[in-house]
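Thanks, everyone. I have one chain to walk you through, so let's bring it up.

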Amino acid sequence: MAVRNDNPEPASSAQAPAETPEGGLGSKAPHFIRRSRPLHLSWQVAIFLVGLAVVALGVVMLPLPGPGWVVIFLGMGIWATEFVWAQLVLRWTKRKVTEAAQRALDPKVRRRNIIITAIGVVIIAGLGGWYLWKYGLTMPWKLS
């Protein structure tokens with residue numbers, strides 16, 4: 001007995017856009033959540049709020065001790081599990097960081113960076129030596 005398929009769409013296009021492969025864009029929510037519109041919307045709100053809290057924590061860590069940028073990108077990664085715009089931002093950021101790393105490994109650029117760093121260290125050491133020669137170990141301010 002043959003099985004009849006009443007679905008007019010071919011089997012390859014039956015997959016929803018949100019069910020993209022791991023490298024694709026779209027929601028990474030479990031299938032049972034994506035199936036229900038109200039559940040998926042509440043899932044997106046929860047993901048947005050958790051990501052917002054993590055990004056806000058990262059922003060607070062920028063001037064304070066702590067891995068601020070790492071936490072901000074962790075929050076973006078949380079958003080990227082659900083939102084295409086965050087996935088695109090993370091892809092762009094990864095591309096730019098990779099390009100910068102490749103440029104930094106260029107021998108001419110490395111040599112230039114080493115020379116600039118050495119000149120900076122010599123200038124700072126010279127200023128520190130001049131201060132110690134002129135004033136000794138006394139500080140310019142008085143603490144009581």
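Which residues make the nonpolar surface patch of about 600 Å²? They are L41, V45, F48, L49, L52, W85 and V89. A word on terms: a patch takes residues with over 30% relative accessible area and no salt bridge, joining like charges within 9 Å and nonpolar side chains (Val, Leu, Ile, Met, Phe, Trp, Tyr) within 5 Å. Areas come from the Shrake-Rupley method with a 1.4 Å probe, and for residues only the protein chains shown count as cover.

Before going on, the ground rules. This is a predicted model: local features need pLDDT of at least 70, side-chain atom pairs count only at pLDDT 80 or more, and totals for chains, interfaces and linings use all residues. Residues are numbered from 1 along each chain as its sequence is written, and side-chain values use heavy atoms, with hydrogens and water left out.

Back to the patch. Helix 2 (37-61) and helix 4 (84-104) each supply at least two of its residues. Helix 2 gives the largest share, 5 residues. Helices here are DSSP runs of H or I, at least four residues, and strands are runs of E, at least two, numbered from the N terminus. Take L52, in helix 2. L52 is partly exposed, at 39% relative accessible area. The scale: buried is under 20%, exposed is over 50%, partly exposed is in between, with a 1.4 Å probe and protein chains only.

Now the overall chain. There are 5 helices and 0 strands. Along the sequence the pattern reads α-α-α-α-α. Of the 144 residues, 17% count as buried. The accessible surface comes to about 11,500 Å², and 71% of that belongs to carbon and sulfur atoms. Contact means heavy atoms within 4.5 Å. Among contacts with a separation of 6 or more, 40% are between residues 24 or more positions apart.

Next, packing. Helix 2 and helix 3 (residues 68-80) pack at an angle of about 170°, axes 7 Å apart. So helix 2 runs roughly antiparallel to helix 3. Axes are lines fitted to C-alpha atoms, for helices over the stretch in contact, and angles run from 0 to 180 degrees between N-to-C directions. Under 35 degrees counts as roughly parallel, over 145 as roughly antiparallel, 65 to 115 as roughly perpendicular, and the rest as oblique. On the helix 2 side, the meeting residues include F48, G51, L52, V55 and G58. On the helix 3 side, they include G68, V71, G75 and W79. Note that F48 and L52 are also in the patch list.

Stay on helix 2 for H40. Is H40 buried or exposed? Buried, at 12% relative accessibility. Leaving out residues up to four places away in sequence, H40 touches S27, A29, I33, R34 and E82.

On to charges. The structure holds 1 salt bridge, meaning a side-chain nitrogen of Lys or Arg within 4 Å of a carboxyl oxygen of Asp or Glu. K96 pairs with E99, closest N and O atoms 3.8 Å apart. The two sit 3 residues apart in helix 4, so about one helical turn separates them. K96 is partly exposed at 37%, and E99 is partly exposed at 33%.

Last stop: G24, in the segment before helix 1 (31-35). G24 and Q87 are 63 residues apart in sequence, yet 9.3 Å apart in space, C-alpha to C-alpha. G24 touches Q87 and R91, again not counting residues up to four places away in sequence.
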